[in-house]
Amino acid sequence: MAQYKRVLLKLSGESLMGDKQYGIDENRLDDYARQIKEVADMGVQVGIVIGGGNSGVEEAAYLATLGKKVVVIQDLPTLTADQKAQDILKSRPNVEFRFNSSVTKFLLDENGKMKGVEIKNKDGKTEDILGDGAFEYIGLIPVTDMVKDLGIANKFGYIEANDKMETKVPGIFSAGDVNVKQIRQVVTATADGAIAVQNALKYLDDLN
Ligand SMILES: Cc1cc2nc3c(=O)[nH]c(=O)nc-3n(C[C@H](O)[C@H](O)[C@H](O)COP(=O)(O)OP(=O)(O)OC[C@H]3O[C@@H](n4cnc5c(N)ncnc54)[C@H](O)[C@@H]3O)c2cc1C
């Protein structure tokens, strides 16, 4: 069984600052460099990426630079990531794909550690994919149960709001990632919030 270490390294400006008010914390930088070397030296043998959207495809392309092989499992007949991300992933020589296939089970070894996944394709054929780590990128579920009886969410649970952040229930405004929208990032969430507040204030003014 291959030796492995599962590490998620996210290098951001803030994380490199450590406890400092400004500049880069050299100890933190050394620590990251040591971790990266450690992972590279050990070598991921086979990484399994579940999901062929942007997140999965981008992470698979990165994983392919560290591991010997990456297997991407996608339940649809094609990847759904941006074409540019797909092109980068497909240019990696050590990436395999399983399309029209869903993960049905995680496989464990005798010590209870994950050793792979079982997948089932659309014809009902199962296959065991052995790997050192599985990385899941199969989407997010918005936490909108509290509004489900109001009929303001779509079938995926995302709230439908207009460009004033009004839902179809007067007086209920919605902003951020829970909304139906193209890009879910801090900058779009805060912009939604500013718009929602302005329009909520106007709504309250109009009530008086
Ligand atoms: C791993 C990851 C990395 C990301 N990286 C970036 C990045 O680099 N740059 C970027 O711009 N965006 C990034 N994003 C996206 C960004 O985090 C979101 O777009 C942003 O946080 C959305 O803000 P929000 O206020 O809509 O939702 P959230 O930040 O999710 O805030 C919702 C808040 O509502 C609270 N809440 C939930 N239900 C209830 C309830 N019933 N009652 C009261 N409170 C409730 C939650 O606890 C939470 O505090 C990342 C997201 C993830 C998951």
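Let me start with a turn. In the hairpin of strand 5 and strand 6, 4 residues lie between the strands, and glycine 124 there has a positive phi near 85 degrees. Strands here are DSSP runs of E, at least two residues long, and helices are runs of H or I, at least four, both numbered from the N terminus.

Some ground rules. This is a predicted model: local features need pLDDT of at least 70, side-chain atom pairs count only at pLDDT 80 or more, and totals for chains, interfaces and linings use all residues. Residues are numbered from 1 along each chain as its sequence is written.

Confidence next. pLDDT is the predictor's confidence in each residue, from 0 to 100. The protein averages 88, and 86% of its residues reach 70 or more. Residues 1-8 fall below 50, and that stretch has 13 contacts in the model beyond near neighbours in sequence. A contact means two C-beta atoms, placed from the backbone, within 7 Å.

Now the layout. There are 5 helices and 7 strands. From the N terminus the order is α-α-β-α-β-α-β-β-β-β-β-α. Among contacts with a separation of 6 or more, 44% join residues 24 or more positions apart. Of the 208 residues, 21% count as buried. Buried means 20 or more other C-beta atoms within 10 Å of the residue's own, exposed means 12 or fewer, and partly exposed is in between, with C-beta atoms placed from the backbone.

Strand 5 and strand 6 (residues 126-130) pair in the antiparallel sense over 5 bridges. Pairing takes at least two DSSP bridges between the strands. Within this region, valine 117 stands opposite isoleucine 129 of strand 6.

Both of those residues also touch isoleucine 48. Leaving out residues up to four places away in sequence, isoleucine 48 touches Val71, Ile73, Val117, Ile129, Gly131, Gly133, Ala134 and Phe135.

That brings us to the core. A nonpolar core is a set of buried Ala, Val, Leu, Ile, Met, Phe, Trp, Tyr and Cys residues joined through C-beta atoms within 7 Å. The largest one has 21 residues, and Ile48, Val49, Ala60, Val70, Val71 and Val72 have the most contacts inside it. Which elements each supply at least two of its residues? Strand 1 (44-50), helix 3 (54-66), strand 2 (67-73) and strand 5 (114-121) do. Helix 3 gives the largest share, 5 residues. A second, separate core has 7 residues, including Ala153, Tyr158, Ala161 and Ala175. As background, nonpolar side chains in soluble globular proteins tend to be buried together.

Glycine 131 is one of the contacts of isoleucine 48. It sits in the loop between strand 6 and strand 7. Buried or exposed? Glycine 131 is buried, because 24 C-beta neighbours lie inside 10 Å. Beyond four places in sequence, glycine 131 contacts Val46, Gly47, Ile48, Val71 and Gly116. Leucine 107 is 24 residues from glycine 131 in sequence, and their C-alpha atoms are 9.7 Å apart.

Next, the loop between strand 7 (133-136) and helix 5. Isoleucine 159 is found there. Isoleucine 159 is buried because 23 other C-beta atoms lie within 10 Å. Beyond four places in sequence, its contacts include Thr144, Val147, Ile152, Ala153 and Val180. Methionine 165 is in this loop too. Methionine 165 is buried as well, with 23 other C-beta atoms within 10 Å. Its phi is near 65 degrees, a positive value in a residue other than glycine.

Where is asparagine 199? It is in helix 5 (residues 186-207). Asparagine 199 and methionine 165 are 34 residues apart in sequence, but 7.7 Å apart from C-alpha to C-alpha. Beyond its neighbours within four places, asparagine 199 contacts Lys164, Met165, Glu166 and Phe173. Asparagine 199 counts as partly exposed because it has 18 C-beta neighbours inside 10 Å.

One more positive phi. Asparagine 100, not a glycine, has about 50 degrees. It lies in the loop between strand 3 (95-98) and strand 4 (101-108).

Last, the ligand. Around it are Val143, Met146, Gly176, Asp177, Arg184, Gln185, Val186, Val187 and Ala189. To be near, a residue needs its C-beta atom, placed from the backbone, within 6 Å. This shell divides into 5 nonpolar, 2 polar and 2 charged residues. Ala, Val, Leu, Ile, Met, Phe, Trp, Tyr, Cys and Pro count as nonpolar, Asp, Glu, Lys and Arg as charged, and the others, Gly among them, as polar.
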